[in-house]
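Here is a short briefing to read beside the model.

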Amino acid sequence: MSTGVSLMLTLLFLTLIKSVPIVYAALGGVIAERAGVVNIGLEGMMTAGAFSAVVFTNLTGSPIVGLIAGVFFGAVLGFVLGFAATFFKVDQIVAGVGINLVALGGAAYGLVLIFNQPGASPQVEQLGPGQLLPQITTGETALIVLGLVCAFGLNWFIYRTPWGLRIQACGENPRAVTDAGLNPLRLRLYSVIASGALAGLGGAFLSICEVNLYSDGMTAGRGFIALAAVIFGRWTPWGATGAAVFFGFFEALQYVLQGRISWLPSDAMQALPYLAALFAIAGLVGRVRAPTADGVPY
Amino acid sequence: MKVVLRVLAGPAGALVLAFVLAAIAMLIAGVNPVDGFGALFAGSLGGRRPIAETLVQTTALLFPALGVSLAFRTGLFNIGAEGQLLMGGLFAGAVGAHFAGPGWLVIPVLLLLGMVGGGIWGGIAGWLRARFNASEIISTLMLNFIALSLAGYLVAGPLKSPLASGAETAPLLPNGWLPAFPTIGSLGFGDTRLTISILIAIATAMVLSFVFTRTVFGYELRAAGEAPEAARRSGINMPRMTLIALALSGAVAGLGGAAIVTGVLHRFNTALSPGYGYTAIAVALVGDLNPLWVCVAAFGFGILEAGGLAMQANAGVPKDAIHVIEGLIVLVLAARRYFATRAAGAPV
Amino acid sequence: MHQHFELVGRLRVWQNIMLGREPRKGLLVDVDAARSRVAELAERNGLAIDPDALVEELPIGVQQRVELLRELEREPSVLLLDEPTAALAPAEIATLFATVVQLAKRGTAILVVTHKLQEVIDYTTRVSVMRHGKIVARYQTTQTSTDEIARAMVGGELPQVAQREATGTQPCLSVRDLSAGVDTTTVSNLSFEVSAGEIVGIAGVEGNGQTVLADAIAGMIPYTGAIELDGSENALKHRENIGIVPQDRHHEGLVLNWSIVENAILGRQNLPGIRKGALTDWNAARADAEAIIERFDVRAASADVPVRTLSGGNQQKLLVGRALLGDPRFVLAYQPTRGIDVGAAALVQSRLIEARNRGCAILLISFELDEILALADRVLVMFRGKINGSFTGAELERGKIGRLMAGLT
């Protein structure tokens, strides 16, 4: 096999790996924003997922338990944001910023408290082959497949089920939902909890599947990139998934190019995915329309 | 019940809550809160040196918090103070390393360069919003990471000091250093890190306060933030206002970066900010986006930042607990409006 | 049913109507059942509708139908209609009430909240009059008249509206071949003039291009053609020459968290009297605010209270007062008495006529034909972005204008 082909295959594989956490977070972003809540806290929810997955894997020795813990603690932060943004009418952006501070600080605090070592956790057992899906699939493959299932499921949920219809109405005109005898605040709260669970799953992938430890700042803005993916994907599950893979590609590209292009140092190439996201949201001038009541408290 | 709500509604409530949360964080870490708070206050207010260090932290938070306040008052969510701070420091550090001259020339030029650096970074987000309607929330966040990569690349490569072991620029010539804080009576600060940058920060707050309340520009800026459609119809050019407000917001944060380079580090490296730009959002909100109250809030957070280190060293409470508390304060303060309206008896 | 529709524009008609009561097939929405339920409902009530249409693409009159069908789907025993005809042409009003009267005959109790007295007389059986949150009078419809109801609404005789003097003839605002707007909301090739000392009323049903016309004159949207003030396109850009009463006082006209003083200079903040160098002259602003409070009888504890705390009528008086401040050459008044009580409306109308008598050119856009007929010296009828009728003085005839508003001839 020529080096060119093997390089392409590496790039393809890395793109899939790097996309997974962004896909989960972006799907979380889609469901929250379709219900009318902008979830800036995705980053913090990923952090919570990544950290708690490591803690519980370490505690129980089972990465599956770790994965579930990651989903759970992502959802807990989702509940906090959702509750603040609905029943307490807190500004969604401000609350999201608060969530991020709490999660990042909390994980750093937890590292010292639980593992007694700042910066990074000790290594834990990684999500291995056969633990999630049959023997032949690695942990990574299993979560890639699960990601696609989630995208498919969310699409089906939003466009085909009664609850999806209500969530859409909630993000467009919550008063219409009230008039129909439903509680839009509760719908929003549930959506943001689901959003946090998905982001937590994405975070858990980062810590116990892609690698085998938690280190401070390991989410590195993926939650924010996921927000850009939601916009770039026009608030649809498949669109956001595609956009997340697009950004994942740039992250993979950065690894593949490292050391291969001498005049482009690795520090500068780290900016690639963020630049891609910046250009993506700027390039959509006049061609996107957010849900009408997105970000508007009710 | 109503009395309880009313107390919770004020900044006093936030303060009480901060203490309660801090106590909980100490208990979780297995530390007696009396010891923990003792260490925190000894490390932040217990003497000349701790107070100087608290004021250094206050200054570092105050500039980006003022920048954030300006943007928020215009209705723009500038979450990018961190990147703007870094770019301001980068501009000042890059030129300062090679700029020889008298102090009265070098220092103002470096501070101005900081404003230019931060202003460009904020202005990019402003331009993207004005021209392409790209969400400034996302663009400022992305620009934080881009700034970090760019600065990291420059100090590891083209701007790296050949003499330094780590990735940093060559040190500033002493003429470019900000003078130490003036001696008050018998109280001198020459041996601390405290410089006149705290005075520059407070002056900046006063200028901003004047601009908001007395000038037509400030009036238009507040109109744009309070009621964008009414502002547009009053003849305000909203894209232009967006661009100017985000550039100015970035410039104020960038000034803070230059103040750290000229006042504390005397060189530039990417460790300039341990997240001041993010904490600044909390500071701005606690100060109710009012420049003068933001000064007070910055002092409060300065105590936490400076005391947090001492608390970690002397009482064994990880200093990251401070950031958890800060985040919770943001969440609670954002909820404050709810309590305020409830206490006033208005329907929710 | 609300005055402002609570529909979801980006969902389809059937999705709007069945929201919250979706027929299911397993976990999914049974789309076919939902569609046929809507079609059957529309058929039974004689309201033609396409279940698959996107609501935001429908004309306002049809959206109203969707709103009504949504309420009917629940087979209510009581139906509350809040200003149901605010956005309808006279013909559509007749259709709507025909349906409603049918429902009443089949045993539904119907409660209509409206300020249009003719509708009360034409379609109801009993009337209650509300003033300041209390019911002040009750009548059997057959035994009362619009005059009697109006007197009960005001609590006495109707306030006198100012006398008008001779109409001016000097052209002030001239609009030539104006085209603007996008998609369905456009105006094309509009040409008309408003003279100094004249009130020109634009009659029409909401959504026929009035907003586009107003935005073009206010310089808020791009347009082709010419809009000139005293023969100059530039004069219109000078804020001291024009006063604007915007359509939506909460979003377009006022900053609700600000004081009356701060709001009094909104839009005038750069005029020489207010701006001194880079600074705002707050003394001048306060003087302006107090002048408006006095001349327009704005009821407020002080000039420093947030306008959020004022009643809708007082907010509107503040808005009109600001537009008339400094005797502008031209005033654009969009629904100047929208949603305010009869007394405040009479004051606003009087002040507009006084401004006209002083030589101000006024363009009045209103969806209330009564208001147009009360104020305007000349009436232009707008339908689908075009002017399809013009009436002056003696020719002002209600029925003819009403037919033109609906696009009939």
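Two residues are in contact if their C-beta atoms, placed from the backbone, lie within 7 Å. By that rule, residues 24 or more positions apart account for 66% of the contacts in chain C with a separation of 6 or more. This is a predicted model, in which local features need pLDDT of at least 70, side-chain atom pairs count only at pLDDT 80 or more, and totals for chains, interfaces and linings use all residues. Residues are numbered from 1 along each chain as its sequence is written, while chains are lettered from A and ligands numbered from 1 in the order in which they are written.

**Confidence**

- The pLDDT is the predictor's confidence in each residue, from 0 to 100.
- Chain A has an average pLDDT of 88, and 95% of its residues score at least 70.
- Within chain A, helix α2 has the highest confidence, at 95. Helix α11 (residues 266–269) has the lowest, at a mean of 78.
- Where pLDDT is low, the predicted coordinates should not be read in detail.

**Chain A overall**

- Chain A has 12 helices and zero strands. Helices (H or I, at least four residues) and strands (E, at least two) are DSSP runs, numbered from the N terminus.
- The radius of gyration is taken over C-alpha atoms, and the globule rule is 2.2 Å times the number of residues to the power 0.38.
- Along its principal axes, the C-alpha trace of chain A spans about 60 × 45 × 35 Å.
- A residue is buried if 20 or more other C-beta atoms lie within 10 Å of its own, exposed if 12 or fewer, and partly exposed in between; the C-beta atoms are placed from the backbone.
- Of the 298 residues in chain A, 58% are buried.
- In chain A, 77% of the contacts with a separation of 6 or more join residues 24 or more positions apart.

**A helix pair in chain A**

- Helix α2 (residues 42–60) and helix α3 (residues 63–86) of chain A have axes that come within 7 Å and cross at roughly 145°. Axes are lines fitted to C-alpha atoms, for helices over the stretch in contact, and angles run from 0 to 180 degrees between N-to-C directions.
- From α2(A), the contact residues include A:G44, A:A48 and A:F56. From α3(A), they include A:P63, A:G70 and A:F73.
- The residues of this contact divide into 13 nonpolar, nine polar and no charged. Ala, Val, Leu, Ile, Met, Phe, Trp, Tyr, Cys and Pro count as nonpolar, Asp, Glu, Lys and Arg as charged, and the others, Gly among them, as polar.

**Chain C overall**

- Chain C holds 14 helices and 17 strands.
- A compact globule of 409 residues would have a radius of gyration near 22 Å; chain C has 23 Å, which agrees.
- The C-alpha atoms of chain C fill a box of roughly 70 × 50 × 45 Å, taken along the principal axes.
- Buried residues are 40% of the 409 in chain C.

**Chain A with chain B**

- This contact takes 40 residues from chain B and 38 residues from chain A.
- On the chain B side, α6 (103–132), α7 (136–156), α12 (276–286) and α14 (321–343) each supply at least two residues.
- The chain B side comprises 29 nonpolar, eight polar and three charged residues.

**Chain A with chain C**

- Here the contact takes 15 residues from chain A and 14 residues from chain C.
- On the chain A side, α6 (162–172) and α7 (174–179) each supply at least two residues. α6(A) gives the most, with six residues.
- The chain A side has six nonpolar, four polar and five charged residues.

**Two residues to look at**

- A:F224 lies in helix α9 (residues 222–232) of chain A. A:F224 counts as buried because it has 26 C-beta neighbours inside 10 Å.
- Leaving aside neighbours within four places in sequence, A:F224 is in contact with A:E43, B:I138, B:L141 and B:M142.
- C:R176 lies in strand β7 (residues 171–182) of chain C. C:R176 is partly exposed, because 13 other C-beta atoms lie within 10 Å.
- Leaving aside neighbours within four places in sequence, C:R176 is in contact with C:S191, C:G225 and C:A226.
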